[in-house]
Amino acid sequence: MPDAALLARLSTAVDANFEKHVAFLQDLVRFPSLRGQEAPLQDWMAREFAGRGYAVDRYTLADVPLPAHEKGAPMVDVDPAGSVQVVATHRAPNPTGRSLILQGHIDVVPEGPADMWTYPPYAATIRDGWLYGRGANDMKAGVSSMVFAMDALRSAGLAPAADVYLQTVTEEESTGNGALSTLLRGYRAEACLIPEPTGHTLTRAHTGTIWFRLRVRGVPVHVAVAQSGSNAIMSAYVLINALIEHTKAVNREAASDPLYAAIKDPIKFNPGIIRGGDWASSTPSWCEVDCRIGLLPSTSVADAMAGVERAVKAAAKADNFLANNPPEIVWHGFQADGFVLEEGTEAEAVLRAAHQTVHGAPMGERRSTAVNDTRYYGRYFATPALCYGPKGEGNHGFDERTSIEDLRRCTLTIASFIADWCGVVERG
């Protein structure tokens with residue numbers, strides 16, 4: 001771990017920069033970087049990185065061979081040519097330490113009705129030690145921490161003694177293709193840190209995620225003779241209820257999983273979007289339901305998809321209309337494996353020491369029932385991948401917020417981790 005004198009230098013630098021740091025995070029939150037609309041923020045990030053003297057690579061998902069990679073996921077209503085990724089590189093002239101990737105996603109989920117927020121979702125309002133806004137916690141707070149952790153080293157008169165790549169990616173909330181693209185672009189390091197909002201705990205494992213769309217047809221008639229037609233929306237409910245029962249069965253099996261046995265119902269199913277019908281007085285002839293289901297790290301994506309298919313097929317076979325008018329499953333978006341960070345890596349030991357030094361207590365760990373990008377680095381590219389970041393509340397909900405004081409501590413922890421993992425040299 002960094003010695004007391006080095007930690008004091010970093011702490012002083014984090015404090016000196018903190019007002020700018022909070023303002024930077026507010027600027028991040030004010031960009032409504034929804035899926036397909038991230039380019040303005042990414043262009044701003046590229047300028048911020050360039051102003052700090054980093055070599056900046058701005059590219060799009062169309063510039064990498066995602067379709068050729070087995071883990072490239074089908075995009076959801078987004079043009080790859082408009083999905084911008086940014087990698088900023090600190091190049092050590094004579095590397096003596098270990099290289100590092102710092103990665104965070106800047107895409108956010110939709111905010112929902114703005115009138116249901118206490119403060120406007122993109123106003124970045126600060127009240128009582130919290131910063132509110134869509135994406136404030138998931139995960140623009142972490143992105144700002146990794147940027148200002150590097151700034152703290154610079155302000156302390158230090159530079160990492162190894163190459164460091166700061167990456168801001170898209171698609172974390174829908175496919176993971178942004179993270180994969182950086183690897184296909186050729187960026188590699190000896191460890192990766194993703195500062196998702198974990199409340200200063202380490203993510204030991206995360207479940208996988210699959211997205212799919214159910215398409216159901218019906219026979220439209222006037223509601224006056226509804227019994228002579230069929231209702232596609234009601235047929236869709238048959239399938240939703242079948243998938244709820246399927247998820248219960250999967251969770252019963254999960255009770256014997258060594259990683260997730262202690263977590264009640266770790267596999268989550270969600271019918272997240274429903275569309276259907278054309279007229280209130282006509283039985284609907286079509287319905288589409290966009291769904292999400294999880295899977296354990298020990299379950300393959302192919303097996304999880306097959307389970308969904310079996311449940312839908314069985315429910316359709318038992319329904320008079322669906323048996324003769326089979327529903328369709330369209331796989332799009334996430335086809336994400338789960339991931340387990342194996343214990344005993346040097347990267348984890350260094351992060352634990354940094355956390356202990358800053359927080360004065362051991363670092364906890366968690367097992368997540370949601371996916372994050374560490375799987376690409378750790379599962380597919382043999383890179384120790386740490387998910388550790390600041391504290392907040394309300395991810396994907398109303399009044400999402402991040403703790404400002406925890407942001408300060410997280411930034412110092414990451415700066416300490418960088419200094420220890422990469423080593424430091426005095427700036428000339």
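This is a predicted model: local features need pLDDT of at least 70, side-chain atom pairs count only at pLDDT 80 or more; totals for chains, interfaces and linings use all residues.
Me: What makes α1 and α3 a pair in contact?
Reply: Contact requires heavy atoms within 4.5 Å. By that criterion, residues of α1, including L10, V14, F24 and L28, meet residues of α3, among them A141, V147, F148 and L153. The axes of α1 (residues 4-30) and α3 (residues 136-155) come within 8 Å.

Me: How is the crossing of α1 and α3 described, in angle and in hand?
Reply: The two axes cross at roughly 145°, and the crossing is right-handed.

Me: Which classes of residue make up the contact of α1 with α3?
Reply: The contact comprises 14 nonpolar, 5 polar and 3 charged residues. Ala, Val, Leu and Phe count as nonpolar, so A13 of α1 and V143 of α3 belong to that class. Asp and Lys count as charged, and therefore K20 of α1 and D151 of α3 are charged residues of the contact.

Me: Why is the space lined by K71, A73 and T175, among others, called a cavity?
Reply: A cavity is a set of points where a 1.4 Å probe fits but cannot get out. The structure holds 1 cavity of 30 Å³ or more, and the largest cavity has a volume of about 40 Å³.

Me: Which elements supply at least two residues each to the lining of the largest cavity?
Reply: They are β13 (328-336) and α9 (374-380). The largest share, 3 residues, comes from α9.

Methods: Residues are numbered from 1 along each chain as its sequence is written. Side-chain values use heavy atoms; hydrogens and water are left out. Axes are lines fitted to C-alpha atoms, for helices over the stretch in contact, and angles run from 0 to 180 degrees between N-to-C directions. Helices (H or I, at least four residues) and strands (E, at least two) are DSSP runs, numbered from the N terminus. A crossing is left-handed if the near helix is turned anticlockwise from the far one by less than a right angle, and right-handed if clockwise. On a 1 Å grid over the protein atoms alone, a cavity is a set of points where a 1.4 Å probe fits but cannot get out, and a pocket is an open set with protein on both sides within 12 Å along at least five of seven lines; lining residues have an atom within 4 Å of a point. Grid points are joined across faces, edges and corners, and a volume is the space filled by probe spheres set on the points.
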